[in-house]
Amino acid sequence: MKIKSMFERGTVFSFEIFPPKKTSPIETVYNTLEKLGDLNPDFISVTYGAAGSTNKVSTCEIASAIKNKYGVVPAAHLPCINYTKEEILQILDEFKASGIENILALRGDINPDIPPKKDFRYASELIEFIKANGDFDIAGACYPEGHIECDNIIDDIHNLKKKVDAGAEHLISQLFFDNSCFYSFLEKIRIAGINVPVEAGIMPVVNKNQIERMVSLCGASLPSKFTKMMQRYEHSPEAIRDAGIAYAIDQIVDLVSNGADGIHIYTMNNPYVARRISEAVESLIRCRK
């Protein structure tokens, strides 16, 4: 099933997981999938991991298992910065053979230890290439506060328009902690003529180190309500976990109430957190369908 058709039913609810590192057995992720599958997400996406820490074989294998073993629609992340056109064609063939119909097309993280290939410089070029070489549903990434490498939000939205014009049929946002940033972003992209569905990316924060790392990677701003929460509970692992879950639920309630096209949970392979959030918002999501 192609993800683009899901938005016709109402609010889409999905998860992201990541494969284990190359030094860990691939089976370690299946315990997570066992517990996520019965939460009935519309789809589960599988990353390539940050800065090339995982590989295309495990991503394809896990995406295939999501579909064939757990009965959930999969979406495979596909970064292009470290691949040639010939290599991307091979990956697309593997996706086709495994019945994977949905791709999140990305430029990918630049690894300082791996010189980038020159066939693809931007995600828009990958999207155009996928469109010409297969019948895939293609999603693109978007950044409510602008990509960390982009000088300003106007240029970033201009680049996003290129992705949509190239064939991206829906978008998944980078994480954010201030819903007003997301609403402002939606207003700007609609004015720019970007009218495809946009899923809001939500990351439940369960420890201080996690948020510090993610903010350094993506540049998300932290509203005072969030920082006060972190400061208040940072020395109690259980309290900060529960506060982070509550904050994410509060974000989702507001987003769904305001008509968000979808909610994409960055699970960090933590089924306990995903379950707590899913059970809290299940009736909201179901009511919108």
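Me: How much space lies in the second largest pocket?
Reply: This is a predicted model, in which local features need pLDDT of at least 70, side-chain atom pairs count only at pLDDT 80 or more, and totals for chains, interfaces and linings use all residues. A pocket here is an open set of points on a 1 Å grid over the protein atoms alone, where a 1.4 Å probe fits and protein lies on both sides within 12 Å along at least five of seven lines. Its volume is the space filled by probe spheres set on the points, joined across faces, edges and corners. For the second largest pocket, that space is about 240 Å³.

Me: Which residues lining this pocket are the closest to its centre?
Reply: A lining residue has an atom within 4 Å of a pocket point, and 12 residues meet that rule here. The closest to the centre are Phe-13, Leu-39, Asn-40, Glu-282 and Ile-285.

Me: Which helix gives the largest share of that lining?
Reply: Helices are DSSP runs of H or I with at least four residues, strands are E runs of at least two, and both are numbered from the N terminus. The largest share of the lining, 6 residues, comes from residues 271–288, which form helix 10.

Me: How many residues of the lining are charged?
Reply: Asp, Glu, Lys and Arg count as charged, Ala, Val, Leu, Ile, Met, Phe, Trp, Tyr, Cys and Pro as nonpolar, and the others, Gly among them, as polar. The lining has 4 nonpolar and 2 polar residues, and its charged residues number 6.

Me: Is Ala-132 buried or exposed?
Reply: You can find Ala-132 in helix 4, residues 123–132. Buried means under 20% relative accessible area, exposed over 50%, and partly exposed in between (1.4 Å probe, protein chains only). Because its relative accessibility is 64%, Ala-132 counts as exposed.

Me: Where in the chain is Arg-107, the partner of Glu-149 in a salt bridge?
Reply: A salt bridge puts a side-chain nitrogen of Lys or Arg within 4 Å of a carboxyl oxygen of Asp or Glu, and the closest N and O atoms of Glu-149 and Arg-107 are 2.9 Å apart. The pair links distant parts of the chain, 42 residues apart: Glu-149 is in the loop between strand 5 (137–142) and helix 5 (153–166), while Arg-107 is in the loop between strand 4 (102–106) and helix 4.

Me: How many disulfides does a search of the whole structure find?
Reply: A disulfide is a pair of cysteine sulfur atoms within 2.5 Å. The search of the whole structure gives a count of 0.

Me: Which cysteine has the sulfur nearest to that of Cys-142?
Reply: Cys-142 is in no disulfide, and the nearest cysteine sulfur is 13 Å away. Cys-142 is also buried, at 1% relative accessibility. That nearest sulfur belongs to Cys-218.

Me: How far is the sulfur of Cys-181 from the closest cysteine sulfur?
Reply: Cys-181 is buried, with a relative accessible area of 18%. Its closest cysteine sulfur is in Cys-218, too far for a bond because the separation is 11 Å.

Notes: Residues numbered from 1 in each chain as written. Heavy atoms only, no water.
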